[in-house]
Amino acid sequence: MHEAWVDVGGARLHALHLRVKEPRGIVFYLHGNAGNLQTWFFNVDFYRQLNMDLFMLDYRGYGKSSGQPSEAGVYRDALAVYRDARRRGVPAARIICFGESLGGSVSIHL
């Protein structure tokens, strides 16, 4: 598990990245409104068994992320992190967006 930071317009986002050797892809996990990475972090073995990396971020104003939370900000943050993964060479077909509660609508948007 590695801590990561993603700089986006108006905020610095905190993220956790579970890396496996030679992953089949990456699951981009978007948590709900009531919490942050500390409270939404679970099921790590499930992703390891699938041989998938897991990338989870805290939206602006959540957890260790800076900035003020807003609906528009949540969507901007998720899109910025998704685009960052694409720039680093992760094919779109290998990115699975998964969200719970608030994160569900954001993952559908992506």
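Ground rules. Residues are numbered from 1 along each chain as its sequence is written, and side-chain values use heavy atoms, with hydrogens and water left out. Because the model is predicted, local features need pLDDT of at least 70 and side-chain atom pairs count only at pLDDT 80 or more, while totals for chains, interfaces and linings use all residues.

Let's start with the strands. Two strands pair if DSSP finds at least two bridges between them.

Strand S1 covers residues 2-8, and strand S2 covers residues 11-18. They run antiparallel, joined by seven bridges. Look at His2: His17 in S2 stands opposite. Further along, Trp5 faces His14 of S2. Two residues lie between the strands of this hairpin. In it, Gly10 takes a positive phi near 85°.

S2 has another partner. Four bridges join S2 to S4, again antiparallel. Ala15 stands opposite Leu57 of S4 in that pairing.

How many of the eight residues of S2 are buried? Seven are, so S2 is largely enclosed by the rest of the structure. Buried means under 20% relative accessible area, exposed means over 50%, and partly exposed is in between, with a 1.4 Å probe and protein chains only.

Now the start of the chain. Met1 sits in the segment before S1. At 45% relative accessibility, Met1 counts as partly exposed. From Met1 to His17 is 16 residues in sequence, but 5.6 Å in space, C-alpha to C-alpha. Take Asn36 instead. Asn36 is 35 residues from Met1 along the chain, and their C-alpha atoms are separated by 16 Å.

Plain contact, or touching, means heavy atoms within 4.5 Å.

Asn36 is in the loop between S3 and helix H1 (37-40). A polar atom of the Asn36 side chain lies 2.8 Å from the backbone nitrogen of Gln38. Leaving out residues up to four places away in sequence, Asn36 touches His31, Asp58, Tyr62 and Gly63.

Ser65 is in the loop between strand S4 (53-57) and H3. Is Ser65 buried or exposed? Buried, because its relative accessibility is 7%. A polar atom of its side chain lies 2.8 Å from the backbone oxygen of Asp58. With residues up to four places away again left out, Ser65 touches Arg12, Leu13, His14, Asp58, Tyr59 and Arg60.

Now backbone angles. Most residues other than glycine have a negative phi. Asn51 has a positive phi, near 60°. Asn51 lies in the loop between helix H2 (44-49) and S4, and is partly exposed, with a relative accessible area of 25%. Ser101 has a positive phi too, near 55°. Its loop runs between strand S5 (95-99) and helix H4 (102-109). Ser101 is exposed at 60%.

On a 1 Å grid over the protein atoms alone, a cavity is a set of points where a 1.4 Å probe fits but cannot get out, and lining residues have an atom within 4 Å of a point. Points are joined across faces, edges and corners, and a volume is the space filled by probe spheres set on them.

How many cavities of 30 Å³ or more are there? Two. H3 gives the most, with three residues.

By class, that lining has seven nonpolar, no polar and one charged residues. Nonpolar covers Ala, Val, Leu, Ile, Met, Phe, Trp, Tyr, Cys and Pro; charged covers Asp, Glu, Lys and Arg; the others, Gly among them, count as polar.

Definitions and conventions. On a 1 Å grid over the protein atoms alone, a cavity is a set of points where a 1.4 Å probe fits but cannot get out, and a pocket is an open set with protein on both sides within 12 Å along at least five of seven lines; lining residues have an atom within 4 Å of a point. A polar contact is a pair of N or O atoms within 3.5 Å; within protein, one must be able to donate a hydrogen and the other to accept it, and residues adjacent in sequence count only if both atoms are side-chain atoms.
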